[in-house]
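Let's take a walk through a protein model together, starting with the overall picture and then zooming in on a few details. Keep the viewer open as you read.

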Amino acid sequence: NSDTLSWKLTPTCATAKDAEGATWYEVPENTNSVTATASYELSKVNVTVTLGKGTETAVEGSFDYGTQVTLGVEVGASAKTGYGTVSYTDAAENDYQSGQTVKLTQDLALTASAEALMYTLTFKDSDKTKVLATGNPSAYTVEDGTIELVAASGSGYEFVSWTDENGAAVSSFDTATAANTTLYASWKKAS
């Protein structure tokens, strides 16, 4: 695909008047060879990015007509923590993916969005081997907010708290953690 610039050239003739006032024309001898120079600037194409769900930090730009850009590299948006690959939609509802190359032939307005990733939440006994059925969720996304944890129950023991990898007590779980997480039951002998 190329753009063509065309024009019509007419050789220039010199004109003069003789002593009686008659006009005469002098045509160059070689009219088969004409040199023409054209100069032009490529039109600029603008790419704008509106941040949607799960995205941050828009990168926009103005590019020469016909430039190929890679979404998510030269233009696009980044995903917030806890969100997956960014995808894009234009005004005509055409879908684009990060990493896709687009040839710019007109202004392009994109809306970026990303889906929340799913993380696991595992509850184990204090020996760190046995997985417990607790009534707590086994999966979450960053969109779930804070999860209030339900106490575990065990025969002959009284539940004290859930603890993290470092042994710190956890009564609620902040889903902004955005990582697969294991919590451990802390027990004391029943009185």
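This is a predicted model: local features need pLDDT of at least 70, side-chain atom pairs count only at pLDDT 80 or more; totals for chains, interfaces and linings use all residues.

As for secondary structure, the protein has 18 strands and zero helices. Of its 191 residues, 27% are buried. If you take the contacts between residues at least 6 apart in sequence, 54% of them join residues at least 24 apart.

Now find strand 8, which covers residues 87–90. Strands of a sheet pair through backbone hydrogen bonds, either parallel or antiparallel. On strand 8 you can look at two such pairings. With strand 11 (residues 108–113), strand 8 runs antiparallel, and four bridges join the two. Here Y88 stands opposite A112 of strand 11. Strand 8 also pairs with strand 9 (residues 95–97), again in the antiparallel sense, over three bridges. In this pairing S87 stands opposite Q97. Strands 8 and 9 form a hairpin with four residues between them, and E93 in the turn has a positive phi of about 65 degrees.

In a regular strand the side chains alternate between the two faces of the sheet. In strand 8, Y88 and D90 make up the covered face, while S87 and T89 lie on the uncovered one.

Which side chain of opposite charge is nearest to D90, and how far away is it? That side chain is K103, at 16 Å; a salt bridge would need the charged atoms within 4 Å. D90 is thus buried yet has no salt bridge. What the side chain of D90 does make is a polar contact with the side chain of Y96, at 2.9 Å. Leaving aside neighbours within four places in sequence, D90 is in contact with Y96, L108, A109 and L110.

Finally, turn to another part of the model, an open sheet of five strands with mixed pairing and the order 13-12-18-15-16. Strand 13 (139–140) and strand 16 (169–170) stand at the edges with a single partner strand each, so one side of each is left without a neighbour in the sheet.

Note on methods: Residues are numbered from 1 along each chain as its sequence is written. Side-chain values use heavy atoms; hydrogens and water are left out. Buried means under 20% relative accessible area, exposed over 50%, partly exposed in between (1.4 Å probe, protein chains only). Two strands pair if DSSP finds at least two bridges between them. Lys and Arg count as positive and Asp and Glu as negative; His and the chain ends are not counted. A polar contact is a pair of N or O atoms within 3.5 Å; within protein, one must be able to donate a hydrogen and the other to accept it, and residues adjacent in sequence count only if both atoms are side-chain atoms. Contact means heavy atoms within 4.5 Å.
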